[in-house]
Amino acid sequence: MKMFVSAVVAMLLIIGGAVVVLEGYQKTVDAAFVGSGARPDPEVSLRGGKG
Amino acid sequence: MARMKFLCDADRCIECNACVTACKNENDVPWGINRRRVVTINDGKPGERSVSMACMHCTDAPCAAVCPVDCFYTTEDAVVLHSKELCIGCGYCFYACPFGAPQYPKVGNFGSRGKMDKCTYCAGGPEDDLSAAEQAAYGSNRLAEGKLPLCAEMCSTKALLAGDHEMISEIYKERVSKRGYGSGAWGWKTAYKETINV
Amino acid sequence: MLIKRLSGSSRGSRGRGAPVVATQASAVLDRRSFLARSGLAAGGLAGLSALGFTSMRKAQAAAGFDAKAPVKLVKNICTHCSVGCTVTAEVQNGVWVGQEPAWDSPINRGTHCAKGAAIREIVHGDRRLKYPLKLVNGEYQRISWEQALSEISAKMMEIRAKSGPESVWWLGSAKFSNEGAYLFRKMGAFWGTNSVDHQARICHSTTVAGVANTWGYGAQTNSYNDIRNAKTAIIMGGNPAEAHPVSLQHVLTGKELNRANLIVIDPRLTRTAAHATEYVRIRSGTDIPVIYGMLWHIFENGWEDKKFIEQRVYAMDDVRAEVKKWDPKTVEDVTGVPGEQLKRVAELFAKERPSTLIWCMGATQHTVGTANVRAYCILLLATGNVGAPGTGANIFRGHTNVQGATDLGVDVVTLPLYYGLDDNAWKHWARVWDVDFNWLDSRFDKKPGPNNTTINFRTVPGIPSTRWFDAVSLPKDQVDQNDNLKAAIVFGHGGNTVPRIPEMTKGLAALDLLVVADPHPTNFVSLGGRKNGTYLLPISTQLECSGSRTASNRSIQWGEKIVEPIFESANDYWVIYKLAEKLGFADKMFKNIKMVKGKFGDEPEAESILREINRGGWSTGYCGQSPERIKAHMANQGKFDVRTLRSPSDGSEISGDYYGLPWPCWGTPEMKHPGTPILYNTNLHVKDGGGAFRARFGVERVVKVKVQENGAEVEKERKDNLLAEGSYSLGSDLKDGYPEFTLAVLQKLGWDSELTAEERAIIEKSGPSWSTDLSGGIQRVAIAHGCVPFGNAKARANAWNLPDPVPVHREPIYTPRVDLVAKYPTRPDFKSFRVPNIGFSVQKAAVDKGIAKEFPMILSSGRLVEYEGGGEETRSNKWLAELQQDMFVEINPRDAAERGIAEGQFVWVYGPESSSKIRVKALVTERVGKGVAWMPFHFGGWYQGADQRGNYPKGTDPIVLGESVNTVTTYGFDPVTAMHEGKVTLCQIKAA
Amino acid sequence: MVAFQRSWGLAAALAIALVIVVSGDALAQSGQPTSVNPTASSVKEGQLLDALKPPGSGPSAVTGRVSIPDTKSSVLIQPAGRDWRQIRQETLPFYGAIAILGMLAALVIFYLIRGRIAIDGGPSGRTILRFASADRFAHWLTASTFILLALSGLNLTFGRKLLLPLIGPEAFTALSQAGKFVHNYGSFAFALGVVLMILLWLKDNIPSGADLAWFSKGGGLIGSDHPPAGRFNGGQKVIFWVVVIGGVALSITGYSLMFPFVFTDIAGLQEANMLHGLIAVGMVAVILAHIYIGSVGMEGAFDAMGKGEVDLNWAKQHHALWVEKTEMKGKGAATPAE
């Protein structure tokens with residue numbers, strides 16, 4: 001049973017890791033759809049992680 | 001009751017984007033989400049046509065049918081609305097929608113794409129009419145004020161018609177009979193399973 | 001924060017009995033709350049909260065929700081293009097919270113284009129200039145208005161002392177209200193220079209010159225609404241679908257109801273061409289051969305309107321001679337248009353009447369701009385398509401008040417209302433301004449002229465906006481004034497709309513003083529690398545002050561102030577008044593103008609400025625549009641008919657008026673002249689808006705002619721009658737042509753007895769002619785007899801006082817067809833507007849250096865519907881900026897394939913002068929033909945590949961920046977008005 | 001993000017549209033379409049939809065050009081949504097229900113007929129190591145995530161009809177939202193598990209002759225004698241390959257759904273969603289059988305993965321060849337069962 005528990009814990013860790021990592025790359029539309037010349041409101045960057 | 005529809009007369013639409021900015025102005029839609037957009041077909045060639053497209057509020061709406069959490073409802077004016085409280089942002093409505101109307105606040109969305117936002121025919125959402133909550137989540141509710149969607153009201157050449165389907169069909173038929181040509185009621189067969197024989 | 005209406009109310013919708021219970025826009029609901037509500041919170045772990053694990057949040061009422069403040073509906077006019085759409089604003093507690101369609105306006109009938117529907121954002125403007133700024137060692141410091149105006153005026157006085165008044169250059173704006181434009185020109189006059197210009201220079205300056213020299217006034221002869229009557233419409237050199245979208249409502253409705261022919265002639269298959277019944281693709285810069293190609297078919301087949309020509313046109317035979325050279329073969333070689341197609345177009349235009357000719361920048365922005373425009377008018381005259389419903393020269397003006405600003409003299413060649421610069425004009429305005437003529441004269445520089453004459457700069461045209469930086473950088477002896485330009489006072493004008501930006505940056509850097517008074521910092525700030533001597537003054541938009549503006553169809557509309565000027569911005573009136581005060585002539589300048597309490601203290605009242613304009617506006621019929629009459633029109637917009645623009649004669653205060661009292665609106669306001677919707681319309685009585693061609697070129701023209709007389713060649717004098725023959729306006733007592741009305745003419749006709757005593761007294765003190773008689777009596781009497789005050793003459797097919805009296809084709813300076821330059825060279829070099837115009841040498845050098853091989857592609861520029869003018873204002877509006885986020889060049893698929901360019905990739909566009917290059921995206925499309933490239937001209941803020949966003953003061957940089965097309969556009973100026981050649985030059989494109 | 005439309009849809013649409021709309025416009029040097037009447041030849045929706053349909057398939061999308069960076073919005077009409085809806089509303093639920101309920105029914109019937117398969121000669125009290133801790137870890141990692149993914153996935157397909165009426169919209173939204181969250185982020189754990197299993201057990205799962213024999217005798221479940229089997233018998237190999245192929249397919253389609261428009265356009269996403277659903281439902285059915293046989297259906301089977309040590313008699317009965325090989329190596333010394 002020990003392995004079952006460790007497997008479930010591993011699963012939860014992976015889920016948590018995925019959230020933190022992937023949310024970092026998650027872009028909001030006001031950051032995703034920005035053309036070469038555009039810079040919408042700087043302070044309202046809803047991008048996760050890197051500004 | 002009225003059966004509200006949209007009709008874009010592609011022979012009058014000049015892609016001036018008034019409908020797009022009117023929608024943004026009236027509903028305060030943020031950068032990146034375009035409830036309404038104008039698509040130009042055959043761009044640059046003779047026979048080029050522009051069509052303004054948002055949600056067509058279909059009969060037997062595909063989005064409502066496929067929604068896993070059943071968050072859509074159709075008003076008696078046949079306007080297809082949804083509740084952002086119930087939506088889980090799964091994207092199924094986007095696959096089903098023939099017109100690409102549903103939009104999501106996030107892109108590259110790894111499962112948390114945010115609540116779906118789409119054209120509400122300026123009829124708000126489930127919250128009580130003209131309340132602050134409805135205003136914040138869905139934008140204005142012009143239908144409750146006895147008006148029509150601002151995109152159609154402000155269309156520069158009166159190409160985009162909104163209102164009861166008999167009235168706008170009548171207007172379009174009359175126009176086509178007078179001018180002798182017409183590229184048809186775009187999207188009606190797909191959305192309403194019937195069209196205006198031009 | 002965009003304050004959005006919290007409405008628990010019926011928003012004052014029309015005709016609804018329900019009491020107006022509205023909510024106060026208290027809680028700030030903007031895009032962030034919108035996104036938060038849609039399940040999207042900021043921050044890294046957005047995933048968790050975004051999902052709203054406990055998604056069952058009760059919709060908590062926004063704090064401070066208040067439903068008491070009523071909604072006020074305010075009408076103003078859109079500040080973007082010249083169609084003149086009415087904007088209905090909903091104001092709650094002094095906050096503009098929403099826009100409603102203005103259903104009543106006969107011009108836009110509730111509709112808008114993208115810019116009009118997004119105009120509310122301009123008054124919220126988080127990218128606006130917020131307070132006066134001073135550039136100190138490259139850093140912008142916030143200063144007070146008082147300090148800014150004192151330092152500016154001190155510097156100006158210093159320059160005046162050292163170099164004289166001509167070294168200060170005034171650049172006004174087409175965004176002024178009529179009152180602002182008038183004050184700006186008046187300030188230039190009181191300062192002592194005629195170097196006062198605005199966007200009309202690079203818009204329709206050639207139209208005004210060409211059309212005025214053909215039949216009297218240089219303005220749109222009919223109106224947008226009148227196009228509904230047209231059976232055939234040619235749109236040549238214009239793309240109204242992007243530049244005047246709401247005008248398409250009338251053009252397309254007319255096309256549908258009349259099953260009209262809509263023919264678009266343009267080098268590019270524009271959005272307008274997509275709705276045409278016939279599209280003719282021509283080579284850029286060959287307008288005259290196309291027109292003459294059509295006239296060739298018309299004269300060949302006798303389709304011309306012979307009676308019209310014989311009665312109302314002078315010297316059409318000179319044109320016939322020139323047209324003979326343009327047979328279909330030659331036309332096809334030069335323009336690329338097959339003969340068959342031009343014949344079909346010519347036949348439709350001449351036979352299926354009424355036909356109208358619509359044009360815009362495509363016709364005017366050439367080194368042959370004035371000649372182009374005259375050729376357009378000649379085509380209309382030949383086919384008798386002037387002065388009737390559905391006909392006419394529908395000149396689509398650009399900005400919201402470029403027509404009003406042009407009328408009110410923000411122009412280097414004239415005083416307000418086209419009086420010109422001669423002594424007669426100055427005396428007239430001295431009388432109206434109630435100022436001593438000699439004092440005005442003393443304000444101007446004098447300079448010894450050739451064979452001991454003295455040049456009085458009071459009567460010398462100033463320096464236009466296309467040449468100002470040459471006047472700064474050229475050596476002093478090449479500039480015909482005491483010293484180079486030292487200071488530039490810029491009110492509401494972009495920095496990227498004039499060609500040769502590399503040259504301009506040199507001039508910009510060399511200026512001692514640069515003042516930019518504008519709602520936005522403009523491109524002047526991003527270029528030139530200035531470190532000191534720059535002042536930015538925040539000016540409010542016209543939506544934040546009241547005033548009248550003249551639309552392209554000459555209708556004058558009144559705009560009510562919607563909200564107070566935001567941040568620390570002030571309106572034009574106050575700034576001009578304060579500057580005039582600091583310069584020491586405010587007392588004289590505002591002598592008859594009432595002062596009212598404004599945001600920063602006393603400011604001139606718009607209504608009283610308009611009354612002063614009415615007191616002096618006799619020459620152009622700006623005398624009848626009193627503030628009261630115009631405001632009555634705005635209040636009763638719904639009563640005006642959409643096709644004729646006339647209101648029913650029901651005895652009300654506006655009965656029988658045409659909407660906006662389109663000028664000329666003769667006589668005093670009390671005379672209640674209804675305005676002239678269609679110029680030169682002989683089918684109506686003058687008191688109902690009828691008219692005729694203006695007798696402004698004299699009664700007779702003496703022409704020296706060589707004639708064979710019994711074997712010897714003798715030079716004889718032939719006298720040509722310039723007055724109309726057998727054509728007159730309805731109900732005219734004089735059944736033939738007659739000169740313009742003066743006291744002498746009245747006396748000869750015995751009508752002077754009808755003048756009242758007061759009128760006679762005023763005439764003694766003021767001028768004896770219809771345009772200088774301040775009482776309006778001469779006009780009243782003339783109209784009583786059914787005659788037109790400015791006379792009844794023939795339109796001139798041959799404008800003998802202009803270069804190329806009969807328009808001739810001349811190749812653009814930079815032309816791909818090098819073989820044609822010898823046969824159709826540009827005009828020889830000459831001094832124009834105080835600076836040398838060396839177009840001929842530049843064209844010759846281009847041919848010698850083989851520029852056409854190294855730069856094979858024709859480059860043209862034009863409009864986008866989402867942006868306007870230099871684009872600063874519209875690129876700062878996030879709803880518009882989102883729609884066009886990349887500066888691009890349109891390139892034909894085959895040209896792109898040859899250069900290995902893919903759709904959407906970055907490319908370099910190289911210009912033939914100053915090794916200029918810009919980095920833009922490629923838009924591969926069939927809109928442009930092979931060998932043609934096209935770019936919008938609204939972008940700025942990048943320069944030759946480098947992003948200049950850092951040069952803008954913090955928080956005032958527009959949302960979208962991009963390269964300016966005018967970095968690669970080139971030399972070339974119209975001989976009459978110094979208009980630039982923005983529509984055709986050469987370029988090379990390579991993948992970046 | 002490239003601002004202009006770049007998907008093949010546009011190029012094809014325009015090229016084809018050009019053919020049907022314009023009389024051959026051999027563009028002369030100056031790009032001169034000869035007699036052109038843009039209005040008469042105005043393109044019609046029906047015309048375009050039919051013309052753009054690749055032969056023999058569903059109607060293709062009508063695409064055009066938009067000026068906003070969101071290039072996917074240039075798809076004006078994509079009727080393929082109808083087909084996707086058809087499969088989502090009818091095909092998937094129908095076959096899903098059949099597969100799952102059918103399997104459950106079959107297992108119940110089998111249990112009633114065959115009952116629990118006992119160990120020949122009862123448990124011997126001595127055990128033999130069957131699966132090391134790594135094997136067990138991989139198995140349980142994949143198994144536990146699969147169960148969660150299956151439940152949340154089935155909820156999206158059947159929840160609306162079955163669960164929503166019971167627990168009400170708000171609760172169902174909360175549940176579905178949590179389910180989607182777990183589904184999307186748990187997928188990484190599942191993918192990892194599948195990879196581990198491949199690494200660990202691929203070599204023992206290559207199909208061989210013995211398997212055919214195993215199948216011909218119904219795997220010892222039907223009838224009496226028991227075909228010899230190596231480490232993994234035929235059935236287990238089937239399960240292995242179903243999990244591997246199915247797992248990989250689900251991951252591919254799943255991740256193209258989680259990264260929309262990165263790999264494919266709208267049509268691709270619809271296809272991925274259809275495949276994801278159908279494969280998943282099939283896998284659920286198969287795994288149900290696996291769960292049955294590994295727990296209720298056979299005495300002593302659970303210990304293989306539970307403790308890793310199996311009863312010797314069980315091992316001899318089911319995996320005789322494997323037992324011999326192991327003992328021959330003398331590695332698997334018998335140790336008394338704890």
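Strand E24 (residues 712–721) of chain C lies largely in the open, because the number of buried residues among its 10 is zero. Buried here means 20 or more other C-beta atoms within 10 Å of the residue's own; exposed means 12 or fewer, and partly exposed is in between, with C-beta atoms placed from the backbone. Strands (E, at least two residues) and helices (H or I, at least four) are DSSP runs, numbered from the N terminus.

This is a predicted model, in which local features need pLDDT of at least 70 and side-chain atom pairs count only at pLDDT 80 or more, while totals for chains, interfaces and linings use all residues. Residues are numbered from 1 along each chain as its sequence is written, and chains are lettered from A and ligands numbered from 1 in the order in which they are written.

**The hairpin in chain C**

E24(C) has a partner in strand E23 (residues 700–709) of chain C. The two pair in the antiparallel sense over 10 bridges. Pairing requires at least two DSSP bridges between the strands. C:Lys704 has C:Glu717 of E24(C) as its bridge partner. Two residues lie between the strands of this hairpin, and C:Asn710 takes a positive phi near 30° there. In a regular strand, side chains alternate between the two faces of the sheet.

**A barrel in chain C**

Chain C also holds a closed barrel of six strands. Their order is E28-E32-E29-E31-E30-E35, and the pairing is mixed. On average, neighbouring strands of this sheet are turned by 45° against each other, direction ignored. Strand E29 (residues 888–891) and strand E32 (residues 932–936) of chain C run antiparallel and are joined by two bridges. Within this pair, C:Glu890 stands opposite C:Trp934 in E32(C).

**Two buried residues in chain C**

C:Met236 sits in strand E8 (residues 232–236) of chain C. Is C:Met236 buried or exposed? C:Met236 is buried, because 23 other C-beta atoms lie within 10 Å. C:Met236 touches C:Ile265, C:Asp287, C:Leu357, C:Trp359, C:Gly362 and C:Ala363, leaving out residues up to four places away in sequence. Contact means C-beta atoms, placed from the backbone, within 7 Å. C:Trp359 is 123 residues from C:Met236 in sequence, yet the C-alpha atoms are 5.3 Å apart.

C:Val368 belongs to the loop between helix H15 (361–364) and helix H16 (369–382) of chain C. C:Val368 counts as buried because it has 30 C-beta neighbours inside 10 Å. C:Val368 touches C:Ile288 and C:Arg810, again without residues up to four places away in sequence. Between C:Val368 and C:His980 there are 9.8 Å, C-alpha to C-alpha, for 612 residues along the chain.

**Backbone details**

| Cis bond | Omega |
|---|---|
| C:Arg353 to C:Pro354 | about 0° |
| C:Trp663 to C:Pro664 | near -5° |

C:Pro354 is in the loop between helix H14 (339–351) and strand E12 (355–359) of chain C. C:Pro664 is in the loop between helix H25 (627–635) and E23 of chain C.

B:Asp70 is not a glycine, but its phi is positive, at about 50°. B:Asp70 lies in the loop between helix H2 (62–66) and strand E4 (72–74) of chain B. B:Asp70 counts as buried because it has 20 C-beta neighbours inside 10 Å. B:Ala78 is also not a glycine, and its positive phi is about 65°. B:Ala78 is found in the loop between E4 and strand E5 (80–82) of chain B. With 19 C-beta neighbours inside 10 Å, B:Ala78 counts as partly exposed.

**Helices of chain D**

Helix H4 (residues 133–162) and helix H6 (residues 169–201) of chain D pack at about 145°, with axes 7 Å apart. Axes are lines fitted to C-alpha atoms, for helices over the stretch in contact, and angles run from 0 to 180 degrees between N-to-C directions. The contact of H4(D) with H6(D) has 16 nonpolar, 13 polar and two charged residues. Nonpolar covers Ala, Val, Leu, Ile, Met, Phe, Trp, Tyr, Cys and Pro; charged covers Asp, Glu, Lys and Arg; the others, Gly among them, are polar.

An unreviewed UniProt entry lists "transmembrane region" for residues 92–113, 137–158, 185–202, 238–262 and 274–293 of chain D. UniProt positions follow the numbering used here, feature names are shortened, and annotations may be inferred rather than shown by experiment. Residues 92–113 of chain D are 100% helix and 0% strand, with end C-alpha atoms 31 Å apart. Residues 185–202 of chain D are 94% helix and 0% strand, and their end C-alpha atoms are 26 Å apart.

Conventions:
Two residues are in contact if their C-beta atoms, placed from the backbone, lie within 7 Å.
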